[in-house]
Every structure is written in C-alpha cells, then in structure tokens.
Amino acid sequence: MNLIINRPFPKLTLELFKKNKLEKFYKKLLYFKNGREALLYGLNQIGITKEMKILCPAYICNSLTNTLIENGYNLVFYDIELDLKIDLNNIETIIKKDKISGFIFVYYFGFKLDIAPIKAICKRFDIKLIEDCSHSFLSNYGINKKEFMKNISIYSMRKILPVLDGGALLLHKLPSEVRNQEVSIKLSIKYDLLYYFERIFEFLITKIPLINIYSKRFLFLKNKLNGILKINNGLNTGKILSQPLKYHSIFLNFFLRNSYLKNISIKRIENYNYLSLEIRKLGFKPLFDTLKEAEIPQFFVFIDSTGNLVDWLRQNGFGALNWPGDEIPSQILSNQSDYQNSLTLNKKLVCIPIHEDLNSKVYYILLKKLRRWKNLFT
Ligand SMILES: Cc1ncc(COP(=O)(O)O)c(C=O)c1O
C-alpha cells in the first residue's frame, strides 16, 4: 500500500551535535514540554487565576479544554463561523452576561485570521487576550504586539516539526525568576531517542505490504498495545510543570535552525498552492483558495460536504484528518444546537498534510484517489 504519512520524518545530519544559535524570536520564548503547559504558566503570569472565566472557541481540542478545567478554570464556549471568523455580536452578548477574564483566539491551521476586532473588544471590556499559535508557529504570529501588553501567545512546535516537545510562550514582560535564563539542550537524550525509535519503527511498519497505519483496525491494535505496555512518550505523564524548562530537546534545537525553517516554509507554501489548484480542478472547495503574505499553514484544508472523505482516505492509506476529530470536547458534543458550526467544521473540513516530505509526485496518488472517490460517492 502506498502510505502517505501525515508528519515529517526527522532527517538528521551531523549538525545535530552542534549547538544551534537560536534566532532572536526563539530566544524570546519560554519553553515547555507542550502548548498546554505554556498556556497554564502564561495565564498565571497575566493574572488569570483558578475559577476565573475564559472564553474559549467551541472548535477546539479537548487536550486544551481538559487541562484548563482540571486546573480549576471555568470555560465559556463560543461557536465560530464556517469561515473561521468570529461573530462579534455573539461575543459581546456573552461578555455582557458573564464576567470574562480571558479570551482564547486560535489561528486555526496556521491561517492568518483577523485578530484586530477581538483585540478591540478585549481592550474595551478589559479582558486579557490569549493568542493560540499552536498550529502556526512558522508564521511567527504573536510577534511585535507590544501595544497590547496584556496578551500572551502560545506555541506547540511539535505540531509542525518532527520533535517531541516545543511548547512555548511569548510573554511581554518576563518574570524575574526566568529573566536571564539561558535555554540549553537537554542533557538526557532519553526522550529524543525514544521519539527517534518510534519514528523509525513507524517508517519500517509502513513498508510492510498490506499494513495501513491509518486503518481503524491498526489504530485499535496500537492503542491496545500502548495500554498494555504502558508506552509513554514522555509528554503525557499527567504532571504539569509549573516553571519553564531550562532546556529543550536536542531535536528541537536542531530543527529550530533558520535554514531548515525557511526551507520547510517554502515547501509548505509550494505544496499548498499546488493542492489548491489541483483540488479546485476536481471540483472541491478549499477553505481558502490562496495564501496571504507570510502565511505558512499547517495543512491544506478543503470542504467535503458528505463528511465521509477523511475516513475513506485513511482506509486507503492517506493520513488525512478531521480536526479535532474524536478530541472534540464532550461539552460541545452534548450541546449540538449551540455549537452547530464547530461540529460541522469538525465533520466537513478535510486536512491534508503539506509537510516537507511531500511533493507533487505523492499528491498524484492522492488526486487519483480523490477522482475515484468523486466517481463513487458524488
Ligand atoms: C488549538 C490548540 N491549542 C493548544 C493545543 C495544545 O497543544 P499541546 O498538545 O502541545 O499541549 C492544541 C493541541 O492539540 C491545539 O490544537
């Protein structure tokens, strides 16, 4: 089976052993294992403490909402529009009804969404703004926002880079305890090695004929095995760190090189533009036809009105996905009439990987499959 993997493989060179000089922007960040930890630390820093209310989009994954709820925050959800915009009247109505302390704004899939009206609302109602750049760190959103000191930006680099960690936080005023902290490479290579072996194992498995790592049966067996062997990749320990890390992984240090980031950004834009053109020829509608300047998305995203295409592609070996898929928060699922758009987006947006290992040759197989699907189901 021709499998198409939805994350890039960590291709290492001897530079791995060199200490990388981080670019200015990455030096400004505080590092955590993941985005959730960065968020919790950041909330505390801007004075949003337990029991306060945070406005959170309903189109979100439960890893974020569960972390906030488990740590004592009250979430008030807002539905978003089908083009990922926010209904400002709806927001104002909620704010006038509830005492809201923080607002989470997500740059979905790395798209450059307009945050300006939300900033204005937050300023007017004295609400702190949390820019969630977890899908979009390549675009460096969150930079140069000095005019709005109360906001924080969070990142999750492992969603883009082949690394295990990369949670990060941009704060405009660093707390004294971390002001002069130098981030070094992690001394223990345990997690880097574990991650690398996992990726090699995944690569080898994909070479076995008839095995499809995206099939429901394979995922079921994988989860069972993980449960039995209690495999833990070092991130899901359940423990939340209350301080930024003094180090990050060797892999993160390696892949945060400017030349690498530039190359993968170019490749992503190229893949996005290629898919946008070809997919439109097949009669599908991209969520956004073209990219704005300096917009480097996580995925190519298009609309499938039937809602069954992702499953079909996965059964055929292509790592497409719905987001957040099964990780949609239970509060949203149990309140279907209030969050119709978020549920529709979860079902009908098809996310196609555009990482640096993919190219028009690989997409040729995808496009052939899409043509077949069209003949079968439309
Ligand atoms: C929009 C968004 N924000 C935050 C997070 C949390 O990031 P992490 O998984 O690194 O904790 C996620 C996770 O999937 C996410 O999709």
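# Chat about a predicted model

User: What kinds of residues make up the shell around the ligand?
Analyst: The shell divides into three nonpolar, seven polar and two charged residues. Ala, Val, Leu, Ile, Met, Phe, Trp, Tyr, Cys and Pro count as nonpolar, Asp, Glu, Lys and Arg as charged, and the others, Gly among them, as polar.

User: Which residues surround the ligand?
Analyst: They are N34, G35, R36, C61, S63, L64, V106, D132, S134, H135, S156 and G167. A residue is near a molecule if its C-beta atom, placed from the backbone, lies within 6 Å of it.

User: Which helices supply at least two residues of that shell?
Analyst: α2 (35-45) and α3 (62-70) each do. Helices (H or I, at least four residues) and strands (E, at least two) are DSSP runs, numbered from the N terminus.

User: How many helices and strands are in the chain?
Analyst: The chain has 13 helices and twelve strands.

User: In what order do the seven strands of the open sheet come?
Analyst: The order is β1-β7-β6-β5-β4-β2-β3, with mixed pairing. The edge strands are β1 (30-32) and β3 (74-78), and each pairs on one side only. Two strands pair if DSSP finds at least two bridges between them. From one strand to the next, the twist averages 25°.

User: In what sense do β4 and β5 pair, parallel or antiparallel?
Analyst: Parallel. Five bridges link β4 (residues 100-106) and β5 (residues 128-132). F103 has L129 in β5 as its bridge partner.

User: Which strands does helix α4 lie across?
Analyst: Helix α4 (residues 88-97) lies across β2 (53-57), β3 and β4. It runs at about 150° to β3. Axes are lines fitted to C-alpha atoms, for helices over the stretch in contact, and angles run from 0 to 180 degrees between N-to-C directions.

User: Now I54. Where does it lie?
Analyst: I54 lies in strand β2.

User: Is it buried or exposed, and why?
Analyst: I54 is buried, because 22 other C-beta atoms lie within 10 Å. The cut-offs: buried means 20 or more other C-beta atoms within 10 Å of its own, exposed means 12 or fewer, and partly exposed is in between, with C-beta atoms placed from the backbone.

User: What is I54 in contact with?
Analyst: Leaving aside neighbours within four places in sequence, I54 is in contact with I48, L68, Y73, L75, S101, G102 and I104. Two residues are in contact if their C-beta atoms, placed from the backbone, lie within 7 Å. The C-alpha atoms of I54 and N74 are separated by 6.2 Å, although the two are 20 residues apart along the chain.

User: New topic. What about the sheet with three strands?
Analyst: This open sheet has the order β10-β11-β12, with antiparallel pairing. β10 and β12 each have a single partner strand, so one side of each is left without a neighbour in the sheet. Helix α9 (residues 258-281) packs on the sheet and touches β10, β11 and β12.

User: How many residues of β11 are buried?
Analyst: Four of the five residues in β11 (residues 299-303) are buried. In β11, I303 stands opposite K285. I303 also has L349 in β12 as a bridge partner.

Note on methods
Residues numbered from 1 in each chain as written. Predicted model: local features only at pLDDT ≥ 70, side-chain atom pairs only at ≥ 80, totals over all residues.
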